[in-house]
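Look at the structure first, then read on.

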Amino acid sequence: MTQRFYLLAASQVTANVGFVLYTMAVTSYIKENTGSTALASMITMTSLLARRLSGLSVPLLADTYRSIHIMRSVQVMQIGMLVGLYVLLTQEFTVTVLTMGFIIVGIISFFNGFFSIFKTSVVRSLVNDSQRMQANSLLSTIDQTFLFAG
């Protein structure tokens, strides 16, 4: 497998670690400030729904832009949103902060859904046909490991 594939895998590991950490942090923040387990668990539901919605919008972008460009753009946008989320969570807790937190988590998850979908098409260009199954298996194992850990 190529060095570019391993960079993709490292990028995926980093994104997954970030996803797990920020989800735990936001869930804890909401639970601590509201005392509501139900409200804190809505972070996971928001994330799940946003990822599903991104899957529906992929066909609109797939024909217009190259997968690698979409993946790069999505990761930059996710980093920007994570910085925004960090700044937001340092503010005094209000209903507005809570609402904006849910919106930002939804946006991050929406972009994360793009990354998950497009990485499969990028693998095709990074590894040869004989190694594609091994490469996809490795990426899937990485995904499942971090999702389970989260």
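Which elements each supply at least two residues of the lining of the largest pocket? They are α1, α2 (37-62) and α4. The model is predicted: local features need pLDDT of at least 70, side-chain atom pairs count only at pLDDT 80 or more, and totals for chains, interfaces and linings use all residues. Residues are numbered from 1 along each chain as its sequence is written, and side-chain values use heavy atoms, with hydrogens and water left out.

**Overall layout**

- The protein chain has five helices and zero strands. Helices (H or I, at least four residues) and strands (E, at least two) are DSSP runs, numbered from the N terminus.
- The order of elements from the N terminus is α-α-α-α-α.
- The C-alpha trace spans about 55 × 30 × 25 Å along its principal axes.

**The largest pocket**

- A pocket is an open set of points on a 1 Å grid over the protein atoms alone, with protein on both sides within 12 Å along at least five of seven lines. Lining residues have an atom within 4 Å of a point.
- The largest pocket holds about 330 Å³ of space. A volume is the space filled by probe spheres set on the points, with grid points joined across faces, edges and corners.
- Its lining counts 17 residues. Nearest the pocket centre lie Phe-19, Ser-47, Leu-48, Arg-51 and Leu-147.
- α2 gives the largest share of this lining, seven residues.
- By class, the pocket lining has six nonpolar, nine polar and two charged residues. Here Ala, Val, Leu, Ile, Met, Phe, Trp, Tyr, Cys and Pro count as nonpolar, Asp, Glu, Lys and Arg as charged, and the others, Gly among them, as polar.

**The cavities**

- A cavity is a set of grid points where a 1.4 Å probe fits but cannot get out. The whole structure has two cavities of 30 Å³ or more.
- The largest cavity holds about 50 Å³ of space. Val-26, Tyr-29, Ile-30, Ile-43, Leu-89, Val-97, Leu-98, Gly-101 and Phe-102 form its lining.
- α1 (3-34) and α4 (95-126) are the elements that give two or more residues to the lining of the largest cavity. The largest share, four residues, comes from α4.
- That lining has eight nonpolar residues, one polar and no charged.
- The second largest cavity holds about 40 Å³ of space. Its lining is made of Gln-12, Ala-15, Asn-16, Arg-51, Asn-112, Phe-115, Ser-116, Lys-119 and Asp-143.
- Again, α1 and α4 are the elements that give two or more residues to the lining of the second largest cavity. α4 gives the most, with four residues.
- The second largest cavity is lined by two nonpolar, four polar and three charged residues.

**α1 against α5**

- α1 and helix α5 (residues 132-149) pack at an angle of about 15°, with their axes 9 Å apart. Axes are lines fitted to C-alpha atoms, for helices over the stretch in contact, and angles run from 0 to 180 degrees between N-to-C directions.
- That angle makes α1 roughly parallel to α5. Angles under 35 degrees count as roughly parallel, over 145 as roughly antiparallel, 65 to 115 as roughly perpendicular and the rest as oblique.
- In the contact (heavy atoms within 4.5 Å), α1 residues include Phe-5, Leu-8 and Val-13, and α5 residues include Leu-138, Ile-142 and Phe-146.
- The contact of α1 with α5 has 13 nonpolar, two polar and one charged residue.

**α4 and its partners**

- α1 and α4 pack at about 160°, with axes 11 Å apart. They are therefore roughly antiparallel.
- The α1 and α4 crossing is left-handed.
- Among the residues that meet are Phe-19, Tyr-22 and Val-26 in α1 and Val-105, Ile-108 and Phe-115 in α4.
- The contact of α1 with α4 divides into 16 nonpolar, four polar and two charged residues.
- The axes of helix α3 (residues 67-89) and α4 come within 9 Å and cross at roughly 160°. α3 and α4 are therefore roughly antiparallel too.
- The crossing of α3 and α4 is left-handed. Their contact has 20 nonpolar, seven polar and one charged residue.

Note on methods: Left-handed = near helix turned anticlockwise from the far one by under 90°.
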